Structure formats: C-alpha cells, structure tokens
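Reader: I am new to this structure and would like a close look at a single part of it. Please set out the whole briefly, then take me to one residue and its surroundings.

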Amino acid sequence: MSATSEALHRKSVVIDGLVFFSDGNTRDMLAGGVSAINLTVTEMSAGFEEALRDAITWRERALDPSGSWLLVQQAGDIALAKQQGKLGLIMGWQNAKPLGDQVDRVKLFHTLGIRVIQLTYNEANLIGDGCLEKRNAGLSMLGVDMVKEMNRVGIAIDLSHCAPQTCLDAARHSSKPVLLTHANANAVIERPRNKSDDVIRAVADTGGVIGCSIHAYLLWRGQAGQRPTLEDFVANIKHIGNLVGYEHVGIGTDYPSVDTYEAVRHVMVMSRTKYAASGGDFSSAFGDVMEARYPEEIPTPVQFPRITQALEEGGLTAAQIEGVLGGNFQRVFGEIWSAAQ
C-alpha cells in the first residue's frame with residue numbers, strides 16, 4: 001500500500017454496508033480496519049420467533065462490555081466503536097418476512113436494536129417482490145405502510161435484493177433516504193442482482209447511498225476462469241459516482257465475519273441451489289469456495305485496506321474516498337435514525 005492510502009484508511013470511519021453472516025468473530029474485520037458493519041443477524045428465511053431470538057442474542061453480545069462488539073443504535077456509536085477499537089454492530093435483516101402483516105412489529109424490533117431492514121430477499125413476501133420474481137409487481141399496500149412506519153421509527157430501508165419496481169415504489173413512498181447496501185450497476189456489469197441507472201438515480205434522489213460490492217455474484221463478467229478484480233469494483237464505484245455523485249456511494253462487501261469460512265458452507269450451498277438464478281453460474285464455474293467469491297487481492301476482510309488503495313489508484317480524491325469508505329453511510333444513517341419515535 002502507498003503511505004497515503006494507508007494513512008487515509010487508518011483515519012477513516014470504515015463501514016461495511018453488508019456482512020451476510022457472523023459466528024461472533026470480529027478478528028478479521030478489526031484487522032482490516034473496519035469500524036462498523038451492517039450484519040444480517042437472522043437467516044433470510046426466518047420467521048417472527050427466530051428473528052426475535054436472534055435479535056436478543058446479538059443485542060446481549062454487543063452490549064457485553066468485555067466483548068469486542070459495540071451495539072450501534074445511533075450514528076454517533078459508529079465513531080465510538082472506532083475510538084474504542086471495537087466492531088460496531090448495526091443489526092440488520094435481509095428479509096422483512098419476520099414482520100408478517102403486523103406493522104407494529106417494526107417498533108418492537110427497533111426497540112431491540114434492529115436498524116436496517118431489507119424489504120424483500122430474492123423472492124416475494126407480503127411487502128413486495130424480490131429481484132428474482134418475474135412479475136416485478138412492486139410494493140404491496142402493506143409494503144407502503146411498512147415503509148412509512150420504518151421512516152417513523154427510524155429503521156433504514158434496504159432495497160438490494162428487491163425487484164426494480166419495488167425499489168422505485170419504496171423510493172417514491174419513503175420520506176427518508178433509502179439504501180442499496182450491496183448492489184452494483186447493470187450498466188457496468190449486467191447481473192440479476194445489479195441495478196439499473198433508473199433505480200440508482202431513484203435511491204440517490206432520496207438522499208440514499210449505494211453500497212458497491214466485491215462479491216462475485218455482483219461483479220463477475222462471465223468470463224471462464226477469470227474471477228472479478230478490484231478494477232471491476234472500482235469501475236462500479238466510478239460509474240455510480242459520476243452518475244449521481246460520490247456522496248451517494250459506499251461499500252457493501254457481502255463478506256462474512258467468521259473464524260473460518262467453513263462456518264458459512266450452508267449459505268454457500270443455499271445460494272448455489274435455492275437461488276441459482278442469482279449466482280449459480282459463478283458457483284458452477286468456481287465451486288463452493290468462499291474465497292473465490294471475492295477478488296484475489298482481497299479474499300478476506302483482513303485485506304480491506306486494499307480497497308482504499310484501489311480507490312486512490314482509480315483517481316478518487318481523499319474526500320471522496322473517505323465518503324465511500326464509510327462517511328456517506330454514517331451521514332445517511334444519522335438522517336434515518338434520528339426519526340421521531
């Protein structure tokens with residue numbers, strides 16, 4: 001790393017917009033200089049009771065003063081985590097299924113510490129359509145009510161796995177910024193989970209942030225034997241930055257935070273089988289190997305500083321890099337979480 005990128009990474013608040021699983025281990029994230037992560041704290045298929053148990057378990061873990069986590073309930077907690085050398089835990093979901101049709105559950109889970117909810121996973125739920133649904137029907141009437149309630153209590157709305165119309169509807173109905181915590185641009189690399197420029201503009205128009213991802217399901221160009229590179233990642237950052245402004249760009253790696261990648265084998269198999277339309281072609285080409293799903297330069301979160309160097313080499317200014325690394329997410333979380341409760 002260059003001396004300038006190393007110093008910039010060290011001083012920056014670094015927020016990973018999406019970490020899809022953790023066994024409680026913070027080692028690699030902290031080694032990579034990460035300040036806080038939006039962690040998926042319950043399985044994508046979880047119902048109400050499982051999500052309730054998981055929220056309580058993670059809340060207790062992060063509130064343990066002797067542990068290496070710090071529970072993020074307001075934007076200022078992110079800087080506090082960095083100061084204390086802990087990993088800030090932003091508790092999130094990748095599916096609003098645990099809410100069912102009960103709008104009052106939004107407030108309940110906010111009280112427990114949930115701060116980010118992705119409206120749908122790949123398929124449809126009661127709120128709206130996911131990105132693998134063919135009908136692209138958008139938000140339901142219930143979904144509109146859920147968006148308004150999430151705005152009211154202060155939970156960030158994530159649209160990463162949502163269908164295009166669901167994204168557009170949520171952006172239109174939300175009075176607060178909405179997020180794509182981990183998604184890239186179809187204009188750069190066309191993948192089932194990436195987003196059109198229209199969707200990216202709609203998110204940015206709310207004041208939201210698009211977290212570009214290093215995950216191969218979003219970054220692979222379909223070339224046999226050629227894994228994605230950091231250059232591919234930077235191309236997405238620059239396209240979105242030029243399209244809507246760098247103040248609307250962040251990072252959502254889709255890493256896990258684990259002791260070893262064996263802890264997420266069940267997720268690797270699920271993504272290859274149940275959701276083959278999303279990234280099964282990549283898994284068939286490279287196997288169920290978690291390291292292969294990220295650029296060779298950064299197979300684990302330990303190498304996170306190399307992202308900073310790649311952004312510097314890509315021509316971004318220091319101010320733009322600080323925003324992309326975490327400043328933009330931190331600012332927007334402050335706007336969303338300060339909602340009247």
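Author: This is a predicted model, and its protein has 14 helices and ten strands. The radius of gyration is 18 Å, close to the 20 Å that the globule rule gives for 341 residues, so the protein is as compact as a globular protein of that length. Of the 341 residues, 60% count as buried. Among the contacts with a separation of 6 or more, 72% are between residues 24 or more positions apart. The accessible surface comes to about 12400 Å², and carbon and sulfur atoms hold 49% of it. As for charge, there are 31 positive and 39 negative side chains, and the centres of these two sets lie 2 Å apart.

The part to look at closely is Ser 257. This residue is found in strand β10, which covers residues 255-257. With a relative accessibility of 3%, Ser 257 counts as buried, because the cut-off for that word is under 20%. A polar atom of the Ser 257 side chain lies 2.6 Å from the backbone oxygen of Asn 25. Asn 25 is also one of the residues in contact with Ser 257 once neighbours within four places in sequence are left aside.

Asn 125 is found in a loop, the one between β5 (114-118) and α6 (141-153). Its relative accessible area is 19%, so Asn 125 is buried under the cut-off of 20%. The side chain of Asn 125 is joined to that of Asn 95 by a polar contact of 3.0 Å. Leaving aside neighbours within four places in sequence, Asn 125 is in contact with Asn 95, Ala 96 and Lys 97, and also with Leu 119 and Thr 120.

Val 269 has its place in helix α11, residues 265-273. At 31% relative accessibility, Val 269 counts as partly exposed, because that value falls between 20% and 50%. Val 269 and Ala 31 are 238 residues apart along the chain, and their C-alpha atoms are separated by 28 Å.

Conventions
Residues numbered from 1 in each chain as written. Predicted model: local features only at pLDDT ≥ 70, side-chain atom pairs only at ≥ 80, totals over all residues. Heavy atoms only, no water. Helix = DSSP H or I, 4+ residues; strand = E, 2+ residues; numbered from the N terminus. Rg over C-alpha atoms; globule rule 2.2 N^0.38 Å. Buried < 20%, exposed > 50% of the residue type's maximum accessible area, 1.4 Å probe, protein only. Contact = heavy atoms within 4.5 Å. Areas by Shrake-Rupley, 256 points an atom, 1.4 Å probe, with all protein chains shown as cover. Lys, Arg positive; Asp, Glu negative; His and termini not counted. Charge placed at Lys NZ, Arg CZ, Asp CG, Glu CD. Polar contact = N/O pair within 3.5 Å; in protein donor to acceptor, adjacent residues only side chain to side chain.
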